[in-house]
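Open the model in your viewer and keep the selection panel at hand. The stops below go from the whole chain to single elements.

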Amino acid sequence: MSAIDRLRVLSRPSRLMAATVVGLSIAGIALAADTSSPEDRVRALLKTRLPKTAISAIDCGKVGGLCEITAGDNLFYVDSGARYLVIGRVYDMQTRQDITAARLLEMNPDMLVGSAARANAGAAGGEEDAPQRLAAAPTRQALPATPAKARKLSLSGLSQDGAIVWGNPAGQTVTVFTDFRCGYCRALTAVLKDMNLRVIERPISVLGSRDVADRVYCAKNREAALHAAYAGEPLKAGPACNTSGLDANEAFAHRHGLNGTPVIVRSDGAVLEGYRPRAFLEQWLRETQS
């Protein structure tokens with residue numbers, strides 16, 4: 001082998017190493033340049049895949065593996081690559097909260113949560129613009145254009161029996177008719193707890209939760225038992241107690257047409273049916289002081 005050939009052989013690793021270094025440098029530059037957030041990347045992809053949909057907000061940190069997309073009055077989900085579009089309700093089985101419903105009510109407390117299945121059915125058909133129409137399909141149902149007259153409810157016919165009082169003794173008082181198997185009641189309880197209110201909770205068995213209500217009401221520490229019940233923790237059966245107050249709650253609810261939960265009653269008797277986010281409740285409670 002001549003000296004020139006030996007030089008060529010020896011130079012091959014050097015050329016390979018140089019090419020490798022250059023390749024890694026380019027890759028490093030590309031990685032360093034991609035500092036955009038997951039939300040920014042999804043937004044860019046959606047501009048291409050849903051060009052007619054005006055995206056209001058994107059949150060990729062709320063639900064693992066999915067990005068929550070707000071488009072005006074509509075709510076849907078996509079994966080991190082914005083390939084799959086999901087229309088439906090996301091339910092957290094650990095906290096037992098309907099995440100989609102809570103978010104819709106935060107977006108507009110004056111709207112009723114509608115059926116996502118209806119939107120899916122309406123967008124079926126396989127046309128090329130199906131994803132576009134799915135994203136535009138309403139995920140809620142509007143209330144009537146003419147608002148109903150504000151309802152008032154007198155609680156004077158109810159005794160202290162059947163009430164579970166918790167929260168801040170010096171706080172503003174609200175009375176809530178609830179069911180321990182109601183996800184919206186669970187979410188509302190967490191909101192009321194953070195608002196530092198005095199809550200008079202009156203359980204009614206809309207979803208077959210009377211056995212849970214009996215255990216909470218007969219517990220030595222009713223407040224602790226109440227929060228444990230909402231958290232899905234098992235409640236040990238303690239000594240039996242007089243639960244006629246719970247019967248009175250249910251009879252009162254039946255007489256006044258309280259067929260769902262939660263129902264919130266302000267100190268002046270104003271009634272609010274269903275879950276509402278904190279900002280709405282704070283404004284609603286201020287109205288009784290004006």
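The tour starts with the whole protein, then visits a sheet and a helix. This is a predicted model, in which local features need pLDDT of at least 70, side-chain atom pairs count only at pLDDT 80 or more, and totals for chains, interfaces and linings use all residues. Residues are numbered from 1 along each chain as its sequence is written, and side-chain values use heavy atoms, with hydrogens and water left out.

**Whole protein.** Show everything as cartoon: the protein has ten helices and 13 strands (DSSP runs, H or I of at least four residues for helices and E of at least two for strands, numbered from the N terminus). Of its 290 residues, 38% are buried (under 20% relative accessible area, with a 1.4 Å probe and protein chains only).

Select residues 57-63, which are β1, and residues 85-86, which are β4. They belong to an open, antiparallel sheet of four strands in the order β1-β2-β3-β4. β1 and β4 stand at the edges with a single partner strand each, so one side of each has no neighbour in the sheet. Next select β2 (66-71) and β3 (74-79), which pair antiparallel over six bridges (pairing takes at least two DSSP bridges).

Move to α7, residues 210-217, and pick out its buried residues V212, A213, V216 and Y217. These four cover an arc of only 130 degrees around the axis, which means that they lie on the same side of α7 (the arc is taken from the directions from the helix axis to the C-beta atoms). Which elements cover them? Among them are β9 (164-167), β11 (198-203), α8 (222-230) and α9 (244-255).

Terms used:
Buried < 20%, exposed > 50% of the residue type's maximum accessible area, 1.4 Å probe, protein only. Contact = heavy atoms within 4.5 Å.
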